[in-house]
Amino acid sequence: MTGEVSMIKVPFFEFGPKAYLYGEKMIGLAEHADRLAAEYDVDIIIDPQTLDIPEMARRCRHIKVFAQHMDPIRAGRGMGSVLPEALKEWGAAGTLLNHTEKRLSLTDLESAVNRAREVGLLSMVCADNPDQAAAIALFAPDSIVVESPLLIGGGERKAGDNSVILEINARIRKINPGIRLLHSAGIKTADDIYNVIASGSDGAGSSSALALAPDPFKMFTDMVAAVRRAWDKRQSTVF
């Protein structure tokens, strides 16, 4: 199976619900995100539980539904694995790879990026640091997420984390200028989202802060609106 791969547009926002949300509660929030994507003209990526992918893809027209993981296998043997062709057939637009909670070796990661491209899936690959991001850039994924494991799941993002965004971007784009870059982790508020985008990131994302918010619908709205404001501010200062 092959397919036309869409692009991740900028600016973009990624929500990784991990195993916090699933089923109708997750689908309802995704439908809200679908409206936000159209209203704010922000590319929104959601990577839900695998079982939620078909229904989310069926109900939503504007967001991109990604798998949380994909294995670099082909149809046949592979009990318990996530098959690329199955994700594509049931509506996934892409896959997240190499999250700190679901690591792949560099060899398997390169194979997974190639398999995703082969079947028409976008690939978003997580990196722990600039050196790892530079190595991953050689595989030409569609997007790289640069986030420190120390910030994931509750770490506090500091000003210094944003000050190096342009430096990291320049290093990756020297290898492959077409890769979309997302700087994330330690995101707790819409202000954090704004600051990451304003500092030079193509996209930003959230996981537990959004999933566990008292009102995830409002938090989603506030974060996407922050992406739009920060991006528009950046564009207005480019001469």
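Q: Where does aspartate 52 lie?
A: This is a predicted model, and in it aspartate 52 lies in the loop between β2 (43–46) and α2 (53–59).

Q: Okay, and which side chain of opposite charge is nearest to aspartate 52?
A: That's arginine 59, 8.8 Å away. Aspartate 52 is buried yet has no salt bridge.

Q: Which backbone nitrogen lies 2.9 Å from a polar atom of its side chain?
A: The one of glycine 23. Leaving out residues up to four places away in sequence, aspartate 52 touches Tyr22, Gly23, Met26 and Ile27.

Q: New topic: how many residues does the largest nonpolar core have?
A: It has 62 residues. Among those with the most contacts inside it are Phe15, Ile46 and Phe220.

Q: Which helix gives the most to this core?
A: Helix α10 (residues 216–236), with 8 residues.

Q: What does isoleucine 46 touch?
A: Not counting residues up to four places away in sequence, its contacts include Phe15, Met26, Ile63 and Phe220.

Q: How many aromatic pairs are there?
A: The count comes to 2. One of them joins phenylalanine 15 and phenylalanine 220, edge-to-face, at 5.6 Å centre to centre with 75° between the planes.

Q: Why does that pair tie together parts that are apart in sequence?
A: Because phenylalanine 15 is in strand β1 (residues 12–15) and phenylalanine 220 is in helix α10, the pair links parts 205 residues apart in sequence.

Q: Is phenylalanine 15 buried or exposed?
A: Buried, at 0% relative accessibility. Phenylalanine 220 is buried too, with a relative accessible area of 0%.

Q: Which residues form one aromatic cluster?
A: Phe13, Phe15 and Phe220.

How values were computed
Residues numbered from 1 in each chain as written. Predicted model: local features only at pLDDT ≥ 70, side-chain atom pairs only at ≥ 80, totals over all residues. Heavy atoms only, no water. Helix = DSSP H or I, 4+ residues; strand = E, 2+ residues; numbered from the N terminus. Buried < 20%, exposed > 50% of the residue type's maximum accessible area, 1.4 Å probe, protein only. Lys, Arg positive; Asp, Glu negative; His and termini not counted. Salt bridge = Lys/Arg side-chain N within 4 Å of Asp/Glu carboxyl O. Polar contact = N/O pair within 3.5 Å; in protein donor to acceptor, adjacent residues only side chain to side chain. Contact = heavy atoms within 4.5 Å. Core = buried A, V, L, I, M, F, W, Y, C linked by side-chain atoms within 4.5 Å. Phe/Tyr/Trp six-rings, centres within 6.5 Å; stacked < 30°, edge-to-face > 60°.
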